[in-house]
Amino acid sequence: YWFVLLSALWVFCALVNGLYDLRVLAEFRATARALFWTFVFVTFVYLAIFFALTDPGLQPILPRGIVLYHGVITVALIAVWRGVYLQLAPRAFRRRALVVGAGRAGQASITLIREHLASHYDLVGFVDDDANKHGQTIQNLGVLGGHTDVVRLCREHRINQIIWAVTQDVSDDLFRALLDTQELGIEILPMQLLYEDITGRVPIEFIGDGWYVALPLGHAATG
């Protein structure tokens, strides 16, 4: 039962140290730091419990070596898995994404992805209903069209994720176009959720009048 208790303690300390955060997952150095501090926290908590049991008759029931063995094995296994994942992720798990909305929210999404998840994304371009932006290049990505082009672009570029970055004035036609892409099995990710996953903060400045787009739209069934 000590293995189970230590595993639960490890998961708790890992969460506290951000081991499972998206931005940590994407960088091996960040993973190494989180692993180190998780190991330190687990050891400290275990030793605190051990020495808190001042009754000499109780201390012998607490195994002394298991925390070290458990910690070393866990660190080694997670480090190996994260290393393999980071090698395979750019090829096996890379997302081809189209950003809907070329305004401040869409540009902030591009900046976040390039800073923290560059190896996980292949960014294709923007879609925006502002005709003045069509054909422009924003952050080295083209504005490829409006809502009438979304389904076509998804098929042509083999898009598997749409980043929804429209924070106000969402037209019915645009919303229906996004629902059509959902029927193709494409994931729709509101930029507010992407922002929160990466930074751990809610992007109040990007919620705007269309606050409801921060809710997950769900995924179409893909079998």
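Throughout this tour, a contact means that heavy atoms lie within 4.5 Å. The model is predicted, so to speak of local features a pLDDT of at least 70 is needed, side-chain atom pairs count only at pLDDT 80 or more, and totals for chains, interfaces and linings use all residues. Residues are numbered from 1 along each chain as its sequence is written, and side-chain values use heavy atoms, with hydrogens and water left out.

Select Thr181 to begin, and you will be in helix H7, residues 172-183 (helices are DSSP runs of H or I with at least four residues, strands are runs of E with at least two, and both are numbered from the N terminus). Thr181 counts as buried because its relative accessibility is 0%, where buried means under 20% relative accessible area with a 1.4 Å probe and protein chains only. Leaving aside residues up to four places away in sequence, Thr181 touches Val150, Val151, Cys154, Ile162, Ile186 and Ile188.

Next, select Tyr121, Leu123, Phe126, Ile163, Met191 and Leu194, which have the most contacts inside the largest nonpolar core, a set of 23 residues (a nonpolar core joins buried Ala, Val, Leu, Ile, Met, Phe, Trp, Tyr and Cys residues through side-chain atoms within 4.5 Å). Strand S1 (95-100), helix H5 (104-116), strand S2 (121-127) and helix H8 (191-199) each supply at least two residues of this core, and the largest share, 5 residues, comes from H5. Apart from this core lies another, of 17 residues, including Val150, Ile162, Ala177 and Ile186.

Finally, centre the view on Ile163, whose contacts beyond four places in sequence include Ala97, Val99, Ser109, Ile113 and Leu189.

Definitions and conventions. Buried < 20%, exposed > 50% of the residue type's maximum accessible area, 1.4 Å probe, protein only.
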